[in-house]
Amino acid sequence: MEQILVSACLLGQPVRFDGTGKRSHDALFELWRSEGRLIPFCPEVRGGLPVPRQPAEICGGFGEDVLDGRAKVLTRDGDDVTRHFVVGAWQALEQARASGARIAILKEGSPSCGSLLIHDGTFNGRKVPGEGVTTALLERHGIAVFGEDALEAAAERLAELECP
Ligand code: SF4
């Protein structure tokens, strides 16, 4: 059975920067949970950041730029947390590979997990089209990433993988 790497906060784990979770109650999510497919993972915590923590944004680029050293991840206070985000992304890839997951469902808008939108690096609440650091690394290695609002698309991909 195909496994799915999932942002731990979407399963209600209180790992977000403000110490909360963001549980999804979508029926597909509940189905996959009952089937035992979901592998919870928080790249920022696994990258060594605490809970709670300062909010952080990618400054000067997108997830792929962080991976290639062209952009940084900074907290609102200006601390450079790039290393934690990159380590967390590699840990996520390792977890996906270890469990054979070829699909990930990650929290939209996050500098780690965003797949369509991320904050623009100004800490003004604005979002721009782009990927977070973990999403960029997973996709670079052939793992399809979907946001929590794209579960139907994830289900289609899952069906293709299970019935090629
Ligand atoms: Fe959720 Fe990803 Fe942020 Fe962790 S890094 S709290 S899993 S969105």
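Me: What should I know about the model and its numbering?
Reply: This is a predicted model, in which local features need pLDDT of at least 70, side-chain atom pairs count only at pLDDT 80 or more, and totals for chains, interfaces and linings use all residues. Residues are numbered from 1 along each chain as its sequence is written.

Me: How many helices and strands does the protein have?
Reply: The protein has six helices and eight strands. Both are DSSP runs numbered from the N terminus, helices being H or I with at least four residues and strands being E with at least two.

Me: In what order do the elements run from the N terminus?
Reply: The order is β-α-β-α-β-α-β-α-β-β-β-α-β-α.

Me: How much of the protein is buried?
Reply: Buried residues make up 43% of the 164 residues. A residue is buried if 20 or more other C-beta atoms lie within 10 Å of its own, exposed if 12 or fewer, and partly exposed in between, with C-beta atoms placed from the backbone.

Me: Next, α4. What span should this helix have?
Reply: Helix α4 covers residues 82–99, and its 18 residues should span 26 Å at 1.5 Å a residue. The expected span is 1.5 Å times one less than the number of residues. The end C-alpha atoms are 26 Å apart, which agrees.

Me: Which of its residues are buried, and what follows α4?
Reply: The buried residues of α4 include Phe85, Val86, Leu93 and Ala96. Gly100 follows α4 and has a positive phi, near 75°.

Me: Which residues touch the most other members of the largest nonpolar core?
Reply: In this core of 43 residues, they are Ile4, Leu5, Val73, Ala104, Ile105 and Val133. α4 gives the most to this core, with six residues. A nonpolar core is a set of buried Ala, Val, Leu, Ile, Met, Phe, Trp, Tyr and Cys residues joined through C-beta atoms within 7 Å.

Me: Changing topic, is Leu74 buried or exposed?
Reply: Leu74, found in strand β4 (residues 72–75), is buried because 20 other C-beta atoms lie within 10 Å. The C-alpha atoms of Leu74 and Glu35 are separated by 38 Å.

Me: Lastly, which residues surround the ligand?
Reply: Among them are Ser7, Cys9, Arg16, Glu44 and Lys107, where a residue counts as near if its C-beta atom, placed from the backbone, lies within 6 Å.
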